[in-house]
Amino acid sequence: MTEQLLKVEGLKKYFPIKSGIFGKVNNYVKAVDDISFSVKEGETLGIVGESGCGKSTTGRMLMRLLEPTEGKVTFDGQELTSLSSNDMRKARRDIQMVFQDPYASLNPRHTIEKILMEPLNVHNIGDPKERKQKVHEFLEIVGLSSYHAKRYPHQFSGGQRQRIGIARALMTNPKLIIADEPVSALDVSIQAQVLNLMQDLQKELKLTYIFIAHDLGVVRHISDRVGVMYLGNMAEMANTEDLYEKPLHPYTQALLTAVPVPDPAFEREEVVIKGDVPSPANPPSGCRFHTRCPFKMDICETTIPILAEVEKDHYVACHLYEESRPQ
Amino acid sequence: MADTTVKNDEIEMQKVAGPWKEAWRGFRKSKIAVVGMGIVIFFILLAIFGPLFTLQGINEQDLSQRFQPPSSTYWMGTDDFGRDILSRVVYGARISLWVGFLAVIASVIVGSILGILAGYYGKWIDTIISRFFDIMLAFPSILLAIAVVSVLGPSLRNALIAIAIINVPNFGRLIRSKVLSIKEDEYIMSAKAIGMQDIRILFSHILPNSMAPVIVQGTLAIATAIIEAAALGFLGLGAQAPTPEWGKMLADSRSFLTNAPWTMIFPGLAIMLTVLGFNLMGDGLRDALDPRMKS
């Protein structure tokens, strides 16, 4: 039985919409609305969804780069959401983040050495000589050379910069890495290299990943389990194989239908959804997907479905499966 | 195989230029900017060492030598008290540059602090500071300077304070907007993710990255400050007689314009050249430091 490293309960983030000169709050964007999940030690949890579904917001709330409006995040037995901001800062040693844009996430005025040494300085790890050695060691680990240390970010390609971003996240020996679309800014050929590097590092350093992306193929490649988000809610969550082979939620089915298959003879049952994603400032009542769902029932307009285990380790938030649920 | 090792060595040997060094390289490419810098350096050297070499004292009157036109003894002629204009112009460089640099440094420091507070912490702090800047910018700057000097009393020191004050909102706004944009950059988010303290993020990431436009604006502001000091001197609100301040010299010799034009031409030329030098240099710096201007 593997241990749960991270547990998220009822996480919410509402952004106020202000208007007028006095900044009166007249509505909220419900970016993330009540999601719960847990991550086991050593696994990779993929989170997929369209742009604006709240997946990045979720990632940032986990390490409190954004303060959650409501909800509880427990990491390694410690409740992060109740820590003081200074304790939270120290706790970030064990949770690190890899960012989407390798061009924007490195300070253009610092050398690579300075960038990589920063986490060590902040958390007071080792003496200056050890720090330098560690920087060189990690540069080699992510496939760069120690002579790169004296250079500036603009002298590297996108893929190399993302390797630097990964090295920075590894400097403090974290347990959990939240990767927020780490490969979506890269060329496809480079994507594979970076993904493989991340997988190798996971094995070597026994890391746990939360991998946020919109690319279903990438997520399938790297994840053990996958959660599908729609408009701030978790629609479905299951082991990767189960989810891709036998998607239950109509939204997941539609997403997977949209993935092109390189076989012209391939035919499948298509689930087509119509319309656009509704505004998160004014989400539909009941099930948030009901405005676009081909299997809509009356109950969907009024009652919010809860994420429940329909099959073993397969969670889905949909009224269609209410009967098959063990009571 | 051998080829790749050679290549690697080459890469290793490549000189690594930091962002400042690269900016300097860009700056050097513009001839006109280098000329501007040459003028500025000339006046700085003049201000520091010039007074050591001038033959006549700056305030020594010799009424028998009134209104001498430029000659081999008096290169720039003499004024209504028979004082050597060259000596006074050379000494005036010290005063004008001193006022220019000090006023700008003071307004950069105050403006930076206010701008950073407004930009980084936002909310009501930002509202208060920004409205304060708006009010100050609503006054024509020279009028505001006159108002400040009339409260403090006319003197060179108070003129300097007045110039510093009227420049604060310019720098404050500049830095506020820069901080606002840098604050949203992902490397700030990543510094937070590492666990960096706010104050450390400010000094190690935000401040160095917002310095480039301040340097450009600062160089240009020195030129404006020199003109403003001269204008206040001209109006009798800055340096007082017998200080050889350029603006004051212009004001004093105004009535002799027709019969002794050299009494005005040389201080006027000195102001013009210094300001031109700073402006050319500032333009060159902007081209070198502003990434949008890069081809």
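**Entry 1: strand β9 of chain A**

I started at a hairpin: β9(A) and β10(A) form it with two residues between them, and L231(A) in the turn has a positive phi of about 50 degrees. My helices (H or I, at least four residues) and strands (E, at least two) are DSSP runs, numbered from the N terminus. A note to keep in mind is that this is a predicted model, where local features need pLDDT of at least 70, side-chain atom pairs count only at pLDDT 80 or more, and totals for chains, interfaces and linings use all residues. Residues are numbered from 1 along each chain as its sequence is written, while chains are lettered from A and ligands numbered from 1 in the order in which they are written.

I then looked up the pairing, which takes at least two DSSP bridges between two strands. β9(A) pairs with β10 (residues 233–239) in the antiparallel sense over six bridges, and V228(A) stands opposite E236(A) there. Four bridges join β9(A) to β3 (residues 44–48) of chain A, and these two run parallel. On that side V48(A) is the residue opposite V228(A).

Is β9(A) buried or exposed on its faces? I call a residue buried if 20 or more other C-beta atoms lie within 10 Å of its own, exposed if 12 or fewer, and partly exposed in between, with C-beta atoms placed from the backbone. Six of the six residues of β9 (residues 225–230) are buried, so the strand is largely enclosed by the rest of the structure. R225(A), G227(A) and M229(A) cover one side, and V226(A), V228(A) and Y230(A) the other.

**Entry 2: helix α5 of chain A**

I checked α5 (residues 158–170) next: its 13 residues reach 18 Å from first C-alpha to last, close to the 18 Å expected, taking 1.5 Å times one less than the number of residues. The helix is mostly covered, with 12 of its 13 residues buried. Among them are R161(A), I164(A) and L170(A). The buried residues pack against β6 (95–98), α3 (112–122), α4 (128–141), β7 (176–180) and α6 (188–205) of chain A.

**Entry 3: S210 of chain B**

I found S210(B) in the loop between α9 (198–209) and α10 (211–234). S210(B) is buried, with 23 other C-beta atoms within 10 Å. Leaving aside neighbours within four places in sequence, S210(B) is in contact (C-beta atoms, placed from the backbone, within 7 Å) with I175(B), K178(B), V179(B) and I182(B).

**Entry 4: where the chains meet**

I noted 24 residues of chain A in contact with 18 residues of chain B. On the chain A side, the largest share, three residues, comes from α3(A).

Notes
Two residues are in contact if their C-beta atoms, placed from the backbone, lie within 7 Å.
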